[in-house]
Amino acid sequence: MAIADLDLIAIRRHLHAYPELSMAEFKTQAYLKEIILSWQSSWLTIREIPAVPTALLVRLTGSKPTRTIGYRADIDALPINEETDLAYASKNPGVMHACGHDIHMTVALGVLAYFATHQPVDNLIFLFQPAEEEQAGGKQLYELGTFVNEWRPDEFYALHDQPAMPAGQIATRQGTLFAGTTEIHLTIKGRGGHAAFPHQAQDVIVAASSFVMALQTIVSRNVNPVRGGVITIGKLQAGTIGNVIPNEAKLAGTIRAFEQADLEMMQQRVREIVQSTAAMYGVTFDLELNQGGYWPVNNDSKTTTNFMQFMQEDKEIDFVVSQPAMTGEDFGYLINQIPGTMFWLGVGDAEHGLHDSHLAPDESAIEPGIRAITKFLNWRMQQ
């Protein structure tokens, strides 16, 4: 199976039309598996993981292997109702590939198709990973012992599409590419009452407001300004009417930082502010901090030097050095365990960002992405 024999656009549009949420990607996995098995390559092996039943691993045995190179593509979608009006828009209401994982899968299939026909020199492992958007599928697979013996890559690579970049352009950088993330879920409970008698209540809205404002001092007074961080509360729900003090408030938000040490420090400061605010206002706080596997994506120095050297020297590849972004990605956990590099692939939709219900990536990015990655892997196997 050569790349030219694949209808990449049809594949991408099928994947886009039938998105599935994290850990529910059963039809997506079946579709990927059907395509891959149709190639009937003698050096290709498929592996499934019963504990993570939507994951799919593919191993290509090299002709003269000296290493094993891994490549990861995430496969889950988001709980977003698509508003693109495309002919191939999501047919699953309330679910959309608004982060471009349909592009990720299509590019990976294109690269895999090439090596299913042209046996690689080194061993290659392709991971079609579920649950990147939540539940940290990469971390789950690692902790289950998936990457051991012949299934352990010596180095790992992955891309993320970037609407703000021109279609087909590739970018990465040394060091941190994406931030680590922790999700905040908080319930505040007090004593409700009449708005005219606040002295008889324990006002959860005042406590919540004080908590949110105090959070803003964490980054400004605890994080080195040259490293940066973000704490955002995006959800605050309390009360039903203006003249009643409610007895409960719910908040949700996110913590993001480029350094794991900063992320952990920020988590601790959130806990301390919870304790002090509870004491100050006489309320109770139920705090849940979900970090999962969303460590900062810290590109390995050696693999990234190799990747950038190749991309910069190949004049057919449109490559730029990028700045770090506060985007979160659970590939950060995997390359904290196995050296590797993540990079951007431009998909040319500057009007809409990731997780936007109107996101419509330019499909012309798919083939240059496949060519660049295939050429890099062939070059790497000669080193």
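A residue is called buried when its relative accessible area is under 20%, exposed when that value is over 50%, and partly exposed in between (1.4 Å probe, protein chains only). Threonine 54 sits at 0% relative accessibility, so this residue counts as buried.

Before going on, a word on where this comes from: this is a predicted model, where local features need pLDDT of at least 70, side-chain atom pairs count only at pLDDT 80 or more, and totals for chains, interfaces and linings use all residues. Residues are numbered from 1 along each chain as its sequence is written, and side-chain values use heavy atoms, with hydrogens and water left out.

Back to threonine 54, which belongs to strand 2. Strands (E, at least two residues) and helices (H or I, at least four) are DSSP runs, numbered from the N terminus. Leaving aside neighbours within four places in sequence, threonine 54 is in contact (heavy atoms within 4.5 Å) with residues including Met23, Phe26, Ile75 and Phe128. Its side chain also makes a polar contact with the side chain of glutamate 25, at 2.8 Å. A polar contact is a pair of N or O atoms within 3.5 Å; within protein, one must be able to donate a hydrogen and the other to accept it, and residues adjacent in sequence count only if both atoms are side-chain atoms.

How many residues of strand 3 (residues 68-74) are buried? Seven of its seven are. Both faces are covered, with Thr68, Gly70, Arg72 and Asp74 on one side and Ile69, Tyr71 and Ala73 on the other.
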